[in-house]
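Please read them with the coordinates open.

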Amino acid sequence: RSASEAKVAQLFLQGLPLAEISKKRCRSQETTRWQIKQIMQKTNTHSQAELVRLLMALADEVDFEDAN
């Protein structure tokens with residue numbers, strides 16, 4: 001897991017849309033979309049809803065603040 005992907009995951013879990021995540025990260029939407037796809041591949045999730053469920057389950061165990 002990269003720190004950048006962790007930050008994207010944190011913002012995604014907060015329910016922010018792709019465009020807003022991209023803006024906050026000063027990245028293109030294509031880059032953010034690619035990062036979300038990479039996160040999904042690494043977590044073996046097949047939909048954004050499945051990814052959110054997994055992130056919610058892990059939220060108490062993962063310190064996303066280290067991703068800053």
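1. Helices here are DSSP runs of H or I with at least four residues, strands are runs of E with at least two, and both are numbered from the N terminus. On that basis the protein has four helices and zero strands, and its elements run α-α-α-α from the N terminus on.

2. This is a predicted model, in which local features need pLDDT of at least 70 and side-chain atom pairs count only at pLDDT 80 or more, while totals for chains, interfaces and linings use all residues. Residues are numbered from 1 along each chain as its sequence is written, and side-chain values use heavy atoms, with hydrogens and water left out.

3. Burial is given by relative accessible area: buried is under 20%, exposed is over 50%, and partly exposed lies in between (1.4 Å probe, protein chains only). Of the 68 residues of the protein, 34% are buried. The accessible surface (Shrake-Rupley method, 1.4 Å probe) is about 4500 Å², and carbon and sulfur atoms hold 50% of that.

4. A contact means heavy atoms within 4.5 Å. Among contacts in the protein with a separation of 6 or more, 52% join residues 24 or more positions apart.

5. A nonpolar core is a set of buried Ala, Val, Leu, Ile, Met, Phe, Trp, Tyr and Cys residues joined through side-chain atoms within 4.5 Å. The largest one has eleven residues: V8, A9, L11, F12, L16, I21, I36, I39, M40, L51 and L55. Two or more of these residues come from each of α1 (3-13), α3 (29-43) and α4 (48-58), with α1 giving the most, four residues. L51, a member of this core, touches F12, I36, I39, M40, T43 and T45 when residues up to four places away in sequence are not counted.

6. Which residues of helix α2 are buried? In this helix (residues 18-25) they are I21, S22 and R25. Viewed down the axis of α2, the buried residues fall within an arc of 100 degrees, so they line one face of the helix; the arc is taken from the directions from the helix axis to the C-beta atoms. These buried residues pack against α1 and α3. K23 and K24 are exposed, on the face of α2 turned away from its buried side.

7. S22 lies in helix α2 and counts as buried because its relative accessibility is 3%. Leaving aside neighbours within four places in sequence, S22 contacts R27, S28, Q29 and T32. Just after α2, C26 has a positive phi of about 55 degrees.
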